[in-house]
Amino acid sequence: MPELPEVHTTATILNKLLKGLVIRDAWSGYKSVFHKGKSNIKDTAYFESFRKKAKNRKILSVTRRAKNVLINLDSNETILVHMKMTGHLLYGTYKKNPKHKIRNSKQILNSKKGKIEENWGKEAWMPVEDGPLKDPFNRFIRLVFTLSNGKHLVLSDMRKFAKVCLLSTSALFESEDLKDVGPEPLVPAFEFRKFKSRLLKRPSGKIKQVLMDQSIIAGIGNIYSDEMLWLSGIHPLSIVSRIPKIKLRELYKGMITVLKKGINFQGDSTSDYRNPYGERGEFQHKHNAYRRTGKSCSKKDGGMIKRLKVGGRSAHFCPVHQKLFTQSET
DNA sequence: TGCAGTGTTGCTTC
DNA sequence: CGAAGCAACACTGC
């Protein structure tokens with residue numbers, strides 16, 4: 001779920017909560033997960049070295065780069081967390097509950113068929129103050145940090161897409177994970193001229209896809225790209241090099257407006273985003289395009305929101321006021 | 001009941 | 001190099 005405004009909200013709250021605390025220990029429930037690819041705590045050996053390095057380190061700050069949460073330690077190392085689709089960083093008091101049987105829908109189905117799962121009854125964590133487990137978060141706790149104030153920072157991740165790794169802080173932005181990430185859209189130095197030149201790295205690309213390309217601009221995903229295109233009146237299939245400069249200016253302003261609005265409303269909980277306290281954001285009540293298929297466009301131009309696939313993702317737009325630019329300006 | 005759809009990214013193939 | 005398609009996983013909703 002998390003795009004820039006959601007990750008920003010999470011990182012800002014965690015910075016206040018965690019600054020100055022010490023990580024006493026780390027636990028991972030990812031151990032049995034087959035994982036190919038680069039360093040990640042889903043790899044058992046990697047987790048053990050991760051745990052040793054994180055143990056007894058003080059948290060200096062929690063920041064954000066693109067859609068990554070960065071937990072900066074006093075050892076010149078940084079824990080990078082990418083929440084992907086269903087990751088949640090939650091803060092509270094948790095306890096290990098070895099008696100509790102964590103089951104997913106497949107395991108429940110198998111138990112009805114009389115099959116016994118190998119992982120049945122494996123150790124799990126649950127919140128102390130919330131009583132019974134509440135889905136979908138507490139059933140999917142994959143990583144737990146025990147903190148020096150007795151509280152915990154946990155990563156809940158139903159679909160197991162989230163990535164967590166430990167990197168050198170001073171070489172963070174040269175790391176494989178971050179070196180190809182585009183500029184941050186909300187820093188003042190990212191002026192219109194730079195925005196335009198970044199987009200033009202994909203001159204023949206469809207604008208919706210290019211906006212979501214993390215190597216072009218950091219932090220924009222499906223929801224906010226739909227919203228900024230709606231606001232600036234540009235059809236998602238428009239070809240970057242065919243969009244007139246005046247419309248690109250509107251898109252630049254729309255991008256900033258929409259992302260800041262997302263942050264002001266503490267993110268978007270259309271699906272299941274929660275901040276570290278488990279609270280929803282409010283941006284889902286402010287949509288003009290995303291998931292409004294069949295509803296009338298609030299521009300009052302008679303348009304009805306349509307949906308189509310762009311690069312494998314759903315795009316929502318108003319076919320009346322969002323102009324399609326595919327021909328060169330003469 | 002079954003299958004399409006879900007916020008993200010990375011790998012493979014062409 | 002870039003673009004497209006699919007895989008990673010588990011659930012919801014039509």
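Begin by selecting helix α1, which lies across β2 (57-65), β3 (68-73), β5 and β9 (152-157) and runs at about 160° to β2. Helices (H or I, at least four residues) and strands (E, at least two) are DSSP runs, numbered from the N terminus; axes are lines fitted to C-alpha atoms, for helices over the stretch in contact, and angles run from 0 to 180 degrees between N-to-C directions. The model is a predicted one, in which local features need pLDDT of at least 70 and side-chain atom pairs count only at pLDDT 80 or more, while totals for chains, interfaces and linings use all residues. Residues are numbered from 1 along each chain as its sequence is written, and chains are lettered from A and ligands numbered from 1 in the order in which they are written.

Next, select helix α2 (residues 44-54), which packs on the sheet and touches β1 (22-28), β2, β4 and β10, with a direction that makes about 165° with that of β1.

Now display the sheet itself, an open one of eight strands in the order β5-β9-β8-β1-β2-β3-β4-β10 with antiparallel pairing, where two strands pair if DSSP finds at least two bridges between them. At its edges stand β5 (87-92) and β10 (163-168), each of which has a single partner strand, so one side of each is left without a neighbour in the sheet. From one strand to the next, the twist averages 30°. Zoom in on strand β4 (residues 77-82), which pairs with β10 in the antiparallel sense over six bridges; there, Val 81 has Val 164 of β10 as its bridge partner.

Finish at Pro 276, in the loop between α7 and β11 (306-310). Pro 276 is buried, with 22 other C-beta atoms within 10 Å (20 or more count as buried, 12 or fewer as exposed, and those in between as partly exposed). Leaving aside neighbours within four places in sequence, Pro 276 is in contact with residues including Thr 10, Ile 13, Leu 89 and Tyr 91.

Technical notes. Contact = placed C-beta atoms within 7 Å.
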